[in-house]
Amino acid sequence: MLKNIFYPTSQNVFIWLSTVYLLFLLYLGKISPLTVLFVYFLETIIIGIFNALKMFCTIKLGNSKGYGTIIFFLFHYGFFVAIQSIFAFAIFSIGDTVVFKEPFDLINNYGTILNLADIQYALPAIVFTHLGKFFTDFIGHQKYLKFDIQEIMFSPYVRIFIQQFVVILSSFFIIISESGIFAAILLILFRFFIDLVMEAIKENSEVLDFVSEKLSNEKTPKETVKKQLINFTE
């Protein structure tokens, strides 16, 4: 089971590369622990952009209809991210390294993050990971034919809930603690593990069979759980 999760494959190679790259930048001192935190925080927006692109592909390349669903997703997801951002910026403002004077001033706060000197080194790693996964997995395996636009619309919420919980929890250690470098390393490694587990949950995999067996019951059969897991780990 662990081999199926951690063994490098064409599907998870982008996760491996981005993780090693971020750890290497941290080791060289090219990025700060705070930047690591902000990069994973910005990933929420990147996930939403790629999810909207997946919805667009299900219309252009698949059998789904409804461009209005994409607009609804962008509005709903944007509102969801905005609420999370306000809460996160309130926590980030506790530290003295980067000051967010007003948690509700989202545009200026995101501008502050994007203007960090070392964000240019770290952010491309996250974009590269999602770009690679989009082409090798979603397009390569023609998932635009396997899911309809409504299913794809709700797929990122489980992932970003886990992600934001981890980021906000890590922020207390990175911003407040003097051992921010260790907290940043743990954040990268924990995200590495979570991403690999999610990537391992794919069709005809042992991991999918194992997890779906544990979660299935009389009301929700195993095959239904399998499809939901594949969708929510996109």
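Two residues are in contact when they have heavy atoms within 4.5 Å of each other. The model is predicted, so local features need pLDDT of at least 70 and side-chain atom pairs count only at pLDDT 80 or more, while totals for chains, interfaces and linings use all residues. Residues are numbered from 1 along each chain as its sequence is written, and side-chain values use heavy atoms, with hydrogens and water left out.

Not counting residues up to four places away in sequence, Thr35 touches Leu116, Asp118, Ile119 and Ala122. Thr35 counts as buried because its relative accessibility is 1%; buried means under 20% relative accessible area, exposed over 50%, and partly exposed in between, with a 1.4 Å probe and protein chains only.

A nonpolar core is a set of buried Ala, Val, Leu, Ile, Met, Phe, Trp, Tyr and Cys residues joined through side-chain atoms within 4.5 Å. The largest such core has 64 residues, and those with the most contacts inside it are Leu22, Val36, Tyr40, Phe41, Phe89, Phe92 and Ile113. To this core α3 gives the most, with 15 residues.

Not counting residues up to four places away in sequence, Phe89 touches Phe41, Phe100, Pro103, Leu106, Asn109, Tyr110 and Ile113. The buried residues of helix α5 (residues 106-114) are Leu106, Asn109, Tyr110 and Ile113. They lie on the same side of α5 because they cover an arc of only 95° around the axis, where the arc is that of the directions from the helix axis to the C-beta atoms. The cover over these buried residues includes α3, α4 (67-92) and α6.

On a 1 Å grid over the protein atoms alone, a cavity is a set of points where a 1.4 Å probe fits but cannot get out, and lining residues have an atom within 4 Å of a point. Grid points are joined across faces, edges and corners, and a volume is the space filled by probe spheres set on the points. A search of the whole structure finds four cavities of 30 Å³ or more. The second largest cavity has a volume of about 70 Å³. Its lining consists of Ile15, Ser18, Thr19, Leu22, Tyr40, Glu43, Ile126, Thr129, His130, Arg191 and Asp195. The elements that give two or more residues to this lining are α2 (13-28), α3 (33-60), α6 (119-139) and α9 (180-200), and the largest share, four residues, comes from α2. By class, the lining has four nonpolar, four polar and three charged residues; Ala, Val, Leu, Ile, Met, Phe, Trp, Tyr, Cys and Pro count as nonpolar, Asp, Glu, Lys and Arg as charged, and the others, Gly among them, as polar.

Two loop residues complete the tour. Gln142 is in the loop between α6 and α7 (149-154), and its phi is near 50°, a positive value in a residue other than glycine. Ile201 is found in the loop between α9 and α10 and counts as buried at 9% relative accessibility. Leaving aside neighbours within four places in sequence, Ile201 is in contact with Val207, Leu208, Leu229, Ile230 and Thr233.

Methods: 1 Å grid on protein atoms, 1.4 Å probe; cavity = no way out; pocket = protein on both sides within 12 Å on 5 of 7 lines; lining within 4 Å.
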